[in-house]
Amino acid sequence: MAASWDDFFEDSLSALKRQGRYRSLRVVDALEPPWVEVNGARLLQFASNDYLGLAQDQRLRRAAERAAREIGLGSGASRLVTGNNSEVSRLEAEVAAFKHTEAALIFPTGYSANVGVISALAGKNDRIISDRLNHASIVDGCRLSGAQIDIYPHGDVTALRRLLAGTRVSGRTLVVTDGVFSMDGDVAPIPEIHALCRDYGALLLIDDAHGTGVLGETGRGSLEYRGVRDASIVQIGTFSKALGSLGGFVAARRVVIDYLINKARTQIYSTGMPAPVAAGAREGLAIVSGQPELRLKLAALVRRLRNGIRTLGFSVGDDPTPIIPLVIGGDEQAVRFSEELLRAGVLAPAIRPPSVPPEQSRIRLSLTAAHDQEHVDTLLNTLETIVRGAQERPWLMTASS
């Protein structure tokens, strides 16, 4: 006889606790960025994806307030019914212009964009080739598509070539990669992947959620940073990170967007984006285009933090992204390291499986343009104190020690 539902829930939660993978929600209220309040404590946070510090920006707030007054709060229905307001329509046109594509399509979230687009583009007779460290939303989109799924080792273009040259399916091939990988902060080898897709007739989809607004001379993302410009590439992105708002988008050729309007289930069956959210996203996009100094400041802070972390014995890459992982190893070690940071007034939660591979638990540090050099130095001094203390507390020894 099967266990009761209550036994199932309790046993599952107990197993997570034994593994050091139990999670719970905490209330994090924004103060003046980069400060937050958690349980009454004022903490310096290094965990946000608000890379340009726009989530609390007064210009975005005013844009959202204006749209709420003029159009209203909710959109009322899916976009194919009555939920397609003028702010969303304008936002799509501006995204297409920003990404140098013919058209764009807005989704409720970046997650729903990946799931909806991938599962619409590929079906049971097709093949998807995906990087091993792609985001969970990509993984779920691949699974829902019903296509054959082949996985290549992270960033391994030689392995990708072998898969493309190998046994073919009767349908089409879609290659999917993150532009910037959210847990490691490295940038995909896009020129090499792009060349292979052209050679083998595969469609390339890049999720640039963590690159849009941050990378490239004009902030257009990882393709601009890598020097690739091709209208046939399908680009996914979000407004919820560097752009300071909420929602996802796909930017591509007009025929692809028209197809997705009719086929992407997460867009067809979701309530449309509210006008205030779209208005805030439009303002964020305008700031990215008009204030390159935010990216320049962020880039300088990234270099300062990466260089400082290396002196502490951690291995970190040279990518210019504001995501910097401190790989600790064990789940409980990472949690305790995070707790040490918290006691010192720094919020940087531990990231554990399934978000990262087993024995790769880490502190995922992320910088924003709201930080300054003093904040970075405070973090480095705190990390140095914790690493020194690891000699007396073996459970704090890092993977790099």
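**Start on helix α3**

Select Arg90 to begin: this residue is partly exposed, with a relative accessible area of 40%. Here buried means under 20% relative accessible area, exposed over 50%, and partly exposed in between, using a 1.4 Å probe and protein chains only. Before going further, note that you are looking at a predicted model, where local features need pLDDT of at least 70, side-chain atom pairs count only at pLDDT 80 or more, and totals for chains, interfaces and linings use all residues. Residues are numbered from 1 along each chain as its sequence is written, and side-chain values use heavy atoms, leaving out hydrogens and water.

(A salt bridge is a side-chain nitrogen of Lys or Arg within 4 Å of a carboxyl oxygen of Asp or Glu.) Both residues sit in helix α3, residues 86-99, three residues apart, or about one turn of the helix. Helices and strands here are DSSP runs numbered from the N terminus: H or I with at least four residues for helices, E with at least two for strands. Is Glu87 buried or exposed? Glu87 counts as buried, at 2% relative accessibility.

**Zoom out**

Show the whole chain for a moment. How many helices and strands does the protein chain have? There are 14 helices and 14 strands. The radius of gyration is 22 Å, close to the 21 Å that the globule rule gives for 401 residues, so the chain is as compact as a globular protein of that length. That radius is taken over C-alpha atoms, and the globule rule is 2.2 Å times the number of residues to the power 0.38. Along the principal axes, the C-alpha atoms fill a box of roughly 60 × 55 × 55 Å. Of the 401 residues, 50% count as buried.

Next, pick Asp6, Asp7, Glu10 and Asp11, which form a negative surface patch. Patches are made of residues with over 30% relative accessible area and no salt bridge; like charges are joined within 9 Å, and nonpolar side chains (Val, Leu, Ile, Met, Phe, Trp, Tyr) within 5 Å. For the charges, Lys and Arg count as positive and Asp and Glu as negative, while His and the chain ends are not counted. The place of a charge is NZ of Lys, CZ of Arg, CG of Asp or CD of Glu. Asp7 lies in helix α1, residues 5-19, and is partly exposed at 42% relative accessible area.

Accessible areas come from the Shrake-Rupley method with a 1.4 Å probe, and for residues only the protein chains shown count as cover. Trp5 is in helix α1 too, and counts as exposed at 64% relative accessibility.

The whole structure holds 18 salt bridges. For one of them, select Asp331 and Arg21, whose closest N and O atoms are 2.6 Å apart. Asp331 lies in helix α13 (331-343) and Arg21 in the loop between α1 and β1 (28-30), so the pair ties together parts that are 310 residues apart in sequence. Asp331 counts as buried at 9% relative accessibility, whereas Arg21 is partly exposed at 22%.

**Last stops: backbone details**

Go to Pro33 and Pro34: the peptide bond from Pro33 to Pro34 is cis, with omega near 10°. Pro34 lies in the loop between β1 and β2 (35-38). Then jump to Pro353 and Pro354, where the peptide bond is cis with omega near 10°. Pro354 is in the loop between β13 (350-351) and β14 (361-366).

Stay in the loop between β13 and β14 for Glu359. Its phi is near 65°, a positive value in a residue other than glycine, and Glu359 is exposed at 58% relative accessible area. Finish at His100, in the loop between α3 and β4 (103-107). Phi of His100 is near 60°, again positive in a residue other than glycine.
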